[in-house]
Amino acid sequence: MDLTKRFNKQVYKIAVSTIRQFDEQVTDIEGIIKLTLGEPDFNTPGHVKTAAHDAIDKNFSHYSGMSGLTDVREAATFFMKEKYGVSYQPASEVLVTVGATEAISASLLSILEPGDKVLMPAPIYPGYEPVITLAQAEPIYIDTTPNDFVLTPEMIEGAMKEHGDKVKAIILNYPSNPTGVTYTREEVKAIADVLKNYPIFVISDEIYSELTYEDQHVSIAEFIPDQTILINGLSKSHAMTGWRIGFIFGPKILIAQIIKVHQYLVTAASTISQKAAVRALIEGMNDAAVMKEEYRERRDFVYEQMTSFGFEVARPNGAFYIFAKIPAGYLQDSMKFCVDLAQQQAIAIIPGIAFGQEAEGYVRISYAADLATLKEAMKRIGKYIQSK
Ligand code: PLP
């Protein structure tokens, strides 16, 4: 009996992750250094771990309410107010999710209908498109490469004119994975000023908000709270990827609908992780600061090295990625370039193509690795460049 034909056809349209494909090709190379992962190399802060131990000892082993424990929702709204000046009601305007990933899925599945279009600046994190595909909606990419990966109000206007009423939402992600680009207050406001003219949802994935190096992070929710579904979480700020804690903030009427999808996807986030999250958000409110200083040093080092090798790099101002253009005269197919680099010098970085067609010819380096590893990695990339 062949049941494969009875599968949801949308699932077959979801491409196997390019990052995974690449990883499979290079993983067995002897002595390989991987600067591939989008996750902090730091350990979760000790006091957060202690809070989790306490939660286990005190038998916080039951389901929490669907929207999350009251103290986490209070802590999360307090954090957002303190850090970014955006106000939400803990009782009705926040939802604790299983990482930002579930926040993205639950939000998109709640708003999208077949035939809807979703705007996204490209290159972009590959985690959105599969959910859009599952919902039988269509991703529309706005190419930001000609403008050093910076999305402008004019680009949004252009896309809205072209796609009109079919557009249901725009996804923003800043600081950006993979480019590290982020936006100043003026830039965020200018984007908000355009978006407020259209009846579309703004899904703003600000998971790297605590990792901005020059300017203060400004949430778009500050300007257009009524249409913004704001996503954040503890994975990057507190080195807590495995704890799976994310958040959705938004108007009560939207959260009430998203909760329904969230309920049947996951019921609720882990209660033990939620208890740890309270510690992270209150006592650990500034935990990211120490990590950020290290990331900044690494960014400066990798940026300087890659530039000296002849890669063109728009200096990233957030997250922990360097997005670099492969110099002329080398393999321009980013997958081939990265596989060859890995085979010749045992250093793995992600081919740009993993972040969309617009990112072909680029590579992404994650500098979530210690300085000694980064020094060795850069030595190897330098050797590769010289050897060709
Ligand atoms: N959004 C972006 C832009 C990311 O880069 C990532 C992880 O790499 C996620 C969401 C997923 O975050 P989480 O681990 O909290 O699900």
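**Close-up views of two open sheets in a predicted model**

**View 1. Strand S5 and its neighbours.** Val-118 stands opposite Ala-169 in S5, within a parallel pairing of strand S3 (residues 117–122) and S5 that extends over 3 bridges. Strands pair here if DSSP finds at least two bridges between them, and strands (E, at least two residues) and helices (H or I, at least four) are DSSP runs numbered from the N terminus. The structure is a predicted model, in which local features need pLDDT of at least 70, side-chain atom pairs count only at pLDDT 80 or more, and totals for chains, interfaces and linings use all residues. Residues are numbered from 1 along each chain as its sequence is written. Of the 7 residues of strand S5 (residues 167–173), 7 are buried, so the strand is largely enclosed by the rest of the structure; a residue is buried if 20 or more other C-beta atoms, placed from the backbone, lie within 10 Å of its own.

**View 2. From S5 to S6.** Strand S6 (residues 201–205) runs parallel to S5 and is joined to it by 5 bridges, and Ile-170 has Val-202 in S6 as its bridge partner. Between S5 and S6 the chain passes through helix H8 (residues 185–195), in a β-α-β crossover that is right-handed, a term used if, with the strands pointing away from the viewer, the path from the first strand over the helix to the second runs clockwise.

**View 3. The sheet of 7 strands.** This open sheet has mixed pairing and the strand order S2-S8-S7-S6-S5-S3-S4. Strand S2 (94–97) and strand S4 (138–143) stand at the edges with a single partner strand each, so one side of each is left without a neighbour in the sheet. From one strand to the next, the twist averages 20 degrees, where axes are lines fitted to C-alpha atoms (for helices over the stretch in contact) and angles run from 0 to 180 degrees between N-to-C directions. S3 and S4 run parallel and are joined by 6 bridges, with Tyr-141 in S4 as the bridge partner of Met-120.

**View 4. The sheet of 4 strands.** A sheet with antiparallel pairing, also open, has the order S9-S10-S13-S12, and its edge strands, S9 (312–313) and S12 (350–351), each pair on one side only. Helix H11 (residues 287–308) packs on this sheet, touching S9, strand S10 (321–325) and S13, and its direction makes about 10 degrees with that of S10; residues are in contact if their C-beta atoms, placed from the backbone, lie within 7 Å.

Definitions and conventions
Buried ≥ 20, exposed ≤ 12 C-beta atoms within 10 Å, placed from the backbone. Contact = placed C-beta atoms within 7 Å.
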